[in-house]
Amino acid sequence: MTQNIRSLSTYILMNKAFINGKWIDSLENKSFGILNPASQKVIGNVPDLTIEQVNSSILLAHDSFDKWKKISGKERGHILRKWFDLMIKNKEALAALITQENGKTMKESLTEIELGASYIEWFSGEAPRINGDILTSPKREKQLLVFKEPLGVCAFITPWNFPSAMIARKVGPALAAGCTCVLKPSEETPLSALALAKLSQEAGLPPGVFNVLTCSTKSNSDVGKLLCTHPLISKISFTGSTKIGKILLSHCSQGIKKTSMELGGNAPFIIFPSADLKKALSGLIASKFRCSGQTCVCANRILVHADIYDEFARLLKEEVGDMPVGPGNDPATDIGPLINKAAADNIEALLEDSVLKGAKVSAGGKRLGETFFEPTVLQHVTPDMRIYQEEIFGPVASLIKFSTEEEAVEIANSTPFGLASYFYSRDVEQIWRVKSSLHFGMVGINEGIITTAEAPFGGVKYSGFGYEGSKYGIEEYLHKKYVCWSV
Ligand code: ADP
């Protein structure tokens, strides 16, 4: 372990998997290392569980389901509320852990912990409010009732870009509904998941209700298949690439599983001539460069009207040129490292392809070391370029010029993805028209940061389906049992 990780609170730094309330090693004594993306040094090791251990965790989660679902919603809410309190109490240590294993800046890591905790808090309030219905019957002698019941054991597969919040917003509603959870966090960032498990134990979550399985890259496909086909699993919730989402969905079709899929995005960010340019600039910086451009709601195609294109490109270039690149634990850093070398290789290849096809780099453009990349502005981006079609997942702002509202909407919608979209305008009629025409699950109007526990997060098209957060989120973990009672 490096110096950095030792300076973290050892209290939340766990190096074992968490199954049925116990901290366990791999049956085969195998483990894998976690790299700090800034230093490329190993910061910890966690067990590489065997497929038998994954299987037994599902059985134990199923045993726990019988007890957990019988605890009142009010009591489940109390436990979740204690978990939230512990997350807030330990937010500095939890954030430092995210920065160590994911690379994002401490400021962003703290925001992530607060965001994740807000989902646990939100669903602690939803747990006692799971109400059924009495329906009007067509016949006097029949009573029609609807009871909402928890689904059962739910399996979660989560990515590395939000190693803590992504877990909280899936597990929070599942636990509130009375389901039990088996989580496979990303092999890049399992330490944040284990830290959450440690705090859940302290909050009083009973054994087996929340389990964290640490598995290496090579077992991903076997573990994914088992989770999607196991008869005792009722639901799969996945966040990650569309490519892996498709594989999991095909397994789920064999297991007939209820699913939620939060997949890739290709967010348009449209700036109309009436926009407040300063506001658009700060919204774009927040949306584009958060987590070094590695979020699924990051602005991906920045569409700027021809009348304001030159001015906006200049403002963006000035702003981006001043953003310091460095390790996330340096308070001066704005842009941390990319998650790994492969991610930096991909950004290099995307830029090379764009420049070859006529794009112009007006700021940044260079890789720094193995995992760092300068924040970059790319102009004259056209549809034939990979960067136009693919999710960039790096600190590159690609600008596209447009002339009419119809053209902007057409370009924005010309993607198989449909997660987040953004536009800036002060023309009220245009705002109404454009928000209705955008074929995306979420629309930010004059705003670049839209995620909050109170609102439904979810996509359409290749970006998946299902909602996380909000009053709708808990429904994903409940089924409606209809009872017809002849009286
Ligand atoms: P990303 O490119 O953002 O890492 P992935 O879709 O590759 O997105 O990974 C998201 C999550 O899916 C991670 O937890 C990863 O371990 C897991 N994963 C990757 N491949 C598979 C697979 N074949 N089956 C199940 N899970 C997988």
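1. Cavities in the model. The structure holds 2 cavities of 30 Å³ or more. The coordinates come from a predicted model, and the points below should be read accordingly.

2. The largest cavity. A volume of about 110 Å³ is found for the largest cavity. Its lining consists of L115, Y119, F162, A165, M166, R169, E262, R290, C296, V297, T451 and F457. By class these residues comprise 8 nonpolar, 1 polar and 3 charged. Helix 5 and helix 6 each contribute at least two residues to this lining, and helix 6 gives the most, with 3 residues. Domain 1 (5–263 + 463–486) and domain 2 (267–453) are both represented, each with at least three residues in the lining of the largest cavity.

3. The second largest cavity. The volume here is about 30 Å³. The residues lining the second largest cavity are K170, S260, M261, E262, F457, G458, F465, G466 and E468. Strand 11 (residues 258–262) provides the largest share of this lining, 3 residues. The classes are evenly represented, with 3 nonpolar, 3 polar and 3 charged residues.

4. The packing of helix 5 and helix 6. What is the angle at which helix 5 and helix 6 pack? The angle is about 5°, and the axes of helix 5 and helix 6 (residues 165–177) lie 8 Å apart. Angles under 35 degrees count as roughly parallel, and helix 5 and helix 6 are therefore roughly parallel to each other. Helix 5 makes the contact through E112, L115, G116, Y119, I120 and F123, and helix 6 through A165, A168, R169, G172, P173 and A176. The residues of this contact divide into 8 nonpolar, 2 polar and 2 charged.

5. The domains. The domain assignment of the protein chain gives domain 1 (5–263 + 463–486) and domain 2 (267–453). Their C-alpha centres are 31 Å apart. The contact between the domains takes 27 residues from domain 1 and 27 residues from domain 2.

6. The largest pocket. The volume of the largest pocket is about 1,200 Å³. Of the 41 residues in its lining, W160, F238, G240, S241 and I244 are the closest to the centre. At least two lining residues come from each of helix 8 (220–229), strand 10 (233–239), helix 9 (242–255) and helix 12 (341–356). Which of the elements gives the most to the lining of the largest pocket? Helix 9 does, with 6 residues.

7. The lining of the largest pocket comprises 17 nonpolar, 16 polar and 8 charged residues. Domain 1 and domain 2 each supply at least three residues to this lining.

8. The second largest pocket. About 520 Å³ of space lies in the second largest pocket. Its lining has 17 residues, and those nearest the centre are K107, E108, T111, A286 and R290. Helix 5 (106–126) and helix 10 (277–289) are the elements that give two or more residues to this lining, with helix 5 giving the most, 5 residues. By class, the lining of the second largest pocket holds 7 nonpolar, 4 polar and 6 charged residues. As for the domains, at least three residues come from each of domain 1 and domain 2.

Technical notes:
Residues numbered from 1 in each chain as written. Predicted model: local features only at pLDDT ≥ 70, side-chain atom pairs only at ≥ 80, totals over all residues. Heavy atoms only, no water. 1 Å grid on protein atoms, 1.4 Å probe; cavity = no way out; pocket = protein on both sides within 12 Å on 5 of 7 lines; lining within 4 Å. Points joined across faces, edges and corners; volume = space filled by probe spheres on them. Helix = DSSP H or I, 4+ residues; strand = E, 2+ residues; numbered from the N terminus. Nonpolar A, V, L, I, M, F, W, Y, C, P; charged D, E, K, R; others polar. Domains from an automatic or database assignment. Axes fitted to C-alpha atoms, helices over the stretch in contact; angles between N-to-C directions. Parallel < 35°, antiparallel > 145°, perpendicular 65-115°, else oblique. Contact = heavy atoms within 4.5 Å.
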